[in-house]
Amino acid sequence: MTRRSWIGWGFTGPFLAVFALVFLAPIAYSAYLSVFRTQLVGGTTFVGLENYTKALSDPQFWEALTRVGLFLVIQVPIMLFLALLIALAIDSGRLYGAAFFRISIFLPYAVPAVVATLMWGFMYGSRIGLVGNLNESFGWAIPDPLAPDLILTAIGNIVTWEFVGYNMIILYSGLRVVDTALYEAAAIDGAGQFRIIRAIKLPALRGPLVVATIFSIIGSFQLFNEPQILDTLAPNSITTYFTPNVYAYQLSFAGQQVNYSATIALIMGVVTMLVAYLFQRRGMRGAER
Amino acid sequence: MMITRRRALLGAALSITLLAAGCGGSDDSDSGGAAAETTVSEADVQAALDAGGAIKVWAWEPTLKQVVADFQKKYPKVKVELVNSGTGNDAYTALQNAITAGTGVPDVAQIEYYALPQYALAKNLTDLNTFGASGLDGTFTPGTWNSVHAGEAVYGLPMDSGPMALFYNKEVFDKHGIAVPATWQEYAAAAEKLHAADPKAYITSDSGDAGFTTSMIWQAGGKPYTVDGTNVGVNFSDPGTQKFTGLWQPLIDKKLLNPVPGWSDGWYQGLADGTIASLVIGAWMPANLESGVKAGNGKWRVAPMPQWEAGGKATSENGGSSIAIPEKAANKTLAYAFLKYATVDEGAATRAANGAFPATTKELGSTEFLGKEFPYFGGQKVNEVLAASAGQVVPGWSYLPFQVYANSIYGDTVGKAYLGQGTLQDGLKSWQDASVKYGQEQGFTVK
């Protein structure tokens, strides 16, 4: 018995060591940081859970959290619906040049988010960008996409462009594993394409959709690169507390409030895991029936 | 970034804290009063130069490139890596990251005067008295020398200064028959006239710039910041501030300011194509115009800063940088050798000759410097105007010891006024409130 368990440790040891080093240790260190406060005048003092109570009543944190929440409930369904349509179209076998579409729609995922944002930033420019050129050439009056009331939509557009292909691949691979005998049987029973989609393909996609949604939930809460880079183009539209991550970054590097920043990071980690977990439970419940 | 794996989620969240690792333990809290003793002599510095080595310099000031080349030629064993880590706040974020992480810290960093107190207070910079820097008293203009001091400690050597002046595109002004404004009233009238004549052209650009706003308030005689050790006051309701908002608010309301953010691609483009017709900015601007706006060659001129009262002679400083040695720098002795070369010795003259505005009294007073004709400015003796401005700076201004942070939240607060949400005065009030709150959280006594 003892001998057997030692062998097990030998196999999992390397993993556990790395896991502890890169995963548990940083969390523990963040938690350690989050119970202190370092001031420019006065140095470091132990403050217990003060940073946590401060965060929960911090209007800037709540504004940031609400903003990514809004982003989540609007952008993610649009993106996943588009990904679903494309996956179904490519899988239907009726699309000419399916392989070309598959790769070209996936391609934006290979563009680094920083580059993608810069590129879109230039297109959005209402003075020297594409929007400005269109307005000038055709006498249009496209509103400035980088204005405060539109910037979240503009970011949603960038993120959708970047990730629709990625999600499409997840869904498409879900469709590829469906037993083709099912389609034959459905055809013999006289089912049309839409019937096949509703009765076979969509139920088969439940798992992949849940996975894609969880990835997107995490991604939404982690929103950072796009607002951070657009900030140089539209400094007044992107506040220093635009998203929780932007806020944590600002606190840490502009405000030198490392302890409070660690607190925000930990709270966001917990919130994200909680939402993802609840969604997974809810999403998978039907599948077990 | 949409990070798409759950593990990456925590990884990203925690990378912030990992970077923070080096930062926890600074427990000394005094704001640096007494001078450190000289422990490295000039002979030691010379020995280090002869022995050679490599140093890393983070700076964005363009004339340093030539200085670095000359320095390496003079001391062939020394290798200097000059890195542009961004301008202003971007550079400070990069520097703060490096200092916090404890690795990749440059040996020399360009730090603007307004930002020095914050780094000095956090003990992130080397007190140059260890190299006998106090012996340089009298080498620099009193204003800049004062700016690098915290008590007796010297935290950087002044590299340039930024007394303000009006830089304008003469071609655009002439085309629309606009006279060079001598007062702010004339300036506002010129803004209106220019934009009416050419709807694409603006007198200047401003999308909200903390440095510009504070310099304007400074010139108007305002003193919103009072600093006495760790006792700090912030008050933007003084008459100087109201003078500025009274001038600037109508320009915003009438959309007479090009809203392109400063130092962006669009900004350089606007300066080049004449849609940004003038800038009220620091005396370090000529070198930046020459390198960044080549199309403006021969078109630009420099005039004294517009005045609040006709015939007045009041100016303020805008920016201006020192170069400093971070506390965690690897090769401090070589770094100091470079500092001295670039700001006091041959480098100072080289930089002045290439269009930088020096902080050394020797260069400022030299007939060669004052009489230099700038082809970029149509042969104008630009330095005469700028040196005159340097002598007219309104005394008594101070920045907050956490000005870098305050400036970073300027867009959150005053920025709203540039979008038509509330007035500048409202925005300045919320900037004040946010600065006070931060100061209190950081342990300052804030009034």
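The model is a predicted one.

**Chain A overall**

Let us begin with the make-up of chain A: 13 helices and two strands. With a radius of gyration of 24 Å, well over the 19 Å that the globule rule gives for 289 residues, chain A is more spread out than a compact globule. The C-alpha trace spans about 80 × 80 × 30 Å along its principal axes. Of the 289 residues in chain A, 40% are buried. Among the contacts in chain A with a separation of 6 or more, 67% are between residues 24 or more positions apart.

**A helix and a hairpin in chain A**

Helix H10(A) covers residues 206–221. Its 16 residues should span 22 Å at 1.5 Å a residue, and the end C-alpha atoms are 23 Å apart, which agrees. Which residues of H10(A) are buried? They are A:Pro208, A:Ala212, A:Thr213, A:Phe215, A:Ser216, A:Ile217, A:Ile218, A:Gly219, A:Ser220 and A:Phe221.

The two strands of chain A run antiparallel: E1(A), residues 36–39, is joined to E2(A), residues 43–46, by four bridges. One of the pairs sets A:Gln39 against its bridge partner A:Gly43 in E2(A). Three residues lie between the strands of this hairpin, and A:Gly42 takes a positive phi near 115°.

**The nonpolar cores**

The largest nonpolar core has 148 residues, and the residues with the most contacts inside it are A:Ile264 and B:Phe338. Helix H7 of chain A (residues 151–176) supplies the largest share of this core, 14 residues. Chain B takes part through both domain 1 and domain 2, each of which gives the core at least three residues.

What does A:Ile264 touch, leaving aside residues up to four places away in sequence? The list is A:Ala55, A:Phe61, A:Pro244, A:Tyr247, A:Ala248 and A:Leu251. There is also a second, separate core, of 49 residues, with B:Trp284, B:Val293, B:Ala356 and B:Val393 included in it.

**The domains of chain B**

Chain B is divided into two parts, domain 1 (30–161 + 320–365) and domain 2 (164–316 + 392–446). Their C-alpha centres lie 28 Å apart.

Chain B holds an open sheet of three strands in the order E9-E10-E15, with mixed pairing. Strands E9 (225–228) and E15 (445–446) of chain B stand at the edges with a single partner strand each, so one side of each is left without a neighbour in the sheet. Strand E10 (residues 231–234) of chain B runs parallel to E15(B), and two bridges join them. Within this pairing, B:Asn231 stands opposite B:Thr445 in E15(B).

Note on methods. Residues are numbered from 1 along each chain as its sequence is written. Chains are lettered from A and ligands numbered from 1 in the order in which they are written. This is a predicted model: local features need pLDDT of at least 70, side-chain atom pairs count only at pLDDT 80 or more; totals for chains, interfaces and linings use all residues. The expected span of a helix is 1.5 Å times one less than its number of residues. A residue is buried if 20 or more other C-beta atoms lie within 10 Å of its own, exposed if 12 or fewer, and partly exposed in between; C-beta atoms are placed from the backbone. Two strands pair if DSSP finds at least two bridges between them. The radius of gyration is taken over C-alpha atoms; the globule rule is 2.2 Å times the number of residues to the power 0.38. Two residues are in contact if their C-beta atoms, placed from the backbone, lie within 7 Å. A nonpolar core is a set of buried Ala, Val, Leu, Ile, Met, Phe, Trp, Tyr and Cys residues joined through C-beta atoms within 7 Å. Domain bounds come from an automatic or database domain assignment.
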